Amino acid sequence: MHLGLIGGIGPASTVVYYQKLTAALRALGQPLELTLVNADANVLVKNNLADDRAAQAEVYAGLIDRLNAAGADCAVITSLGGHFCINETLPLSALPLISGVTPLDGYFVQQGIKTVGLLGTAVVMRTKLYGQLGNTAAIAPDDITSAGQTYLDMALSSTCTDAQRAYFFEQGQKLMKAGADAVVLAGTDLNLAFDGRDVGYPVIDALDIHIDLLVKLATGQADLNEHALGQTT
């Protein structure tokens with residue numbers, strides 16, 4: 001299957017998607033068919049903060065048209081924060097979309113996780129992953145605005161300072177004390193902060209769950225019709 005990725009939002013997460021997909025397919029001894037288009041992270045942030053879903057959906061639609069022309073079978077938004085306008089994008093999309101949010105609830109249930117603590121953009125935390133967790137409770141930091149801004153600062157710079165890393169680790173500890181069974185990195189740039197480090201509490205990178213599904217789709221282990229949010233008409 002030919003995967004179409006919308007990247008650039010932010011650049012660091014795009015690199016991780018590419019690295020992990022290529023490594024997984026190489027380990028399986030299979031080729032990776034992939035086309036990547038670049039979105040403007042600054043435009044996304046502006047539309048996200050203004051909750052201008054229609055404007056960002058139009059941006060995505062144009063990028064998806066390019067992926068479709070390149071022969072991609074599906075489109076992937078490589079940012080959980082970028083999923084804020086997924087419902088508005090669906091009717092405009094020339095390709096079925098593979099959500100990074102949809103697989104999470106099932107994974108949490110499978111792992112026996114009842115409550116997750118969320119770190120990511122303000123919208124992701126405030127809406128508890130866009131209200132798409134039907135079987136899992138979610139909690140967010142007390143100061144969502146500060147946590148969200150710290151995340152955006154890191155994502156847009158594609159670097160994580162020691163102070164930002166310490167802040168995210170501390171927020172994770174507070175979420176665990178508030179009752180979370182695990183802390184979910186619900187922002188795809190948070191790998192810059194955590195990067196596989198042992199922080200003393202369970203951490204789940206939502207990016208890894210999304211990539212696992214994409215690998216299964218790319219290798220025919222999963223059916224596109226079962227996992228796509230929308231189909232071409």
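Mentor: Residues are numbered from 1 along each chain as its sequence is written, and side-chain values use heavy atoms, with hydrogens and water left out. As this is a predicted model, local features need pLDDT of at least 70 and side-chain atom pairs count only at pLDDT 80 or more, while totals for chains, interfaces and linings use all residues.

Trainee: Why is the pair Arg 53 and Glu 88 called a salt bridge?

Mentor: A salt bridge needs a side-chain nitrogen of Lys or Arg within 4 Å of a carboxyl oxygen of Asp or Glu. Arg 53 and Glu 88 have N to O at 3.8 Å, so the pair qualifies. By this rule the count comes to six salt bridges.

Trainee: What makes this pair a link between distant parts of the chain?

Mentor: Arg 53 lies in helix α3 (residues 53–69) and Glu 88 in helix α4 (residues 86–89), 35 residues apart. Helices here are DSSP runs (H or I, at least four residues), numbered from the N terminus. Asp 51 joins Arg 53 and Glu 88 in a network of salt bridges.

Trainee: How do you know whether Arg 165 and Asp 162 are buried or exposed?

Mentor: Buried means under 20% relative accessible area, exposed over 50%, and partly exposed in between (1.4 Å probe, protein chains only). Arg 165 has 14%, so Arg 165 is buried. Asp 162 has 64%, so Asp 162 is exposed. Their side chains meet in a salt bridge, N to O at 3.6 Å.

Trainee: And what separates Arg 165 and Asp 162 along helix α8?

Mentor: They are three residues apart in helix α8 (residues 162–177), so about one helical turn separates them. In α8 too, Glu 170 and Lys 174 are four residues apart, again about one helical turn. The side chains of Glu 170 and Lys 174 form a salt bridge at 3.8 Å, N to O.

Trainee: Why is α2 called roughly antiparallel to α3?

Mentor: Helix α2 (residues 41–49) and α3 pack at an angle of about 150°, with their axes 8 Å apart. Angles over 145 degrees count as roughly antiparallel (under 35 roughly parallel, 65 to 115 roughly perpendicular, the rest oblique), so α2 is roughly antiparallel to α3.

Trainee: Which residues make that contact?

Mentor: With contact meaning heavy atoms within 4.5 Å, Val 43, Leu 44 and Asn 47 of α2 meet Ala 55, Gln 56, Val 59 and Tyr 60 of α3. These residues divide into five nonpolar, two polar and no charged.

How values were computed: Helix = DSSP H or I, 4+ residues; strand = E, 2+ residues; numbered from the N terminus. Axes fitted to C-alpha atoms, helices over the stretch in contact; angles between N-to-C directions. Nonpolar A, V, L, I, M, F, W, Y, C, P; charged D, E, K, R; others polar.
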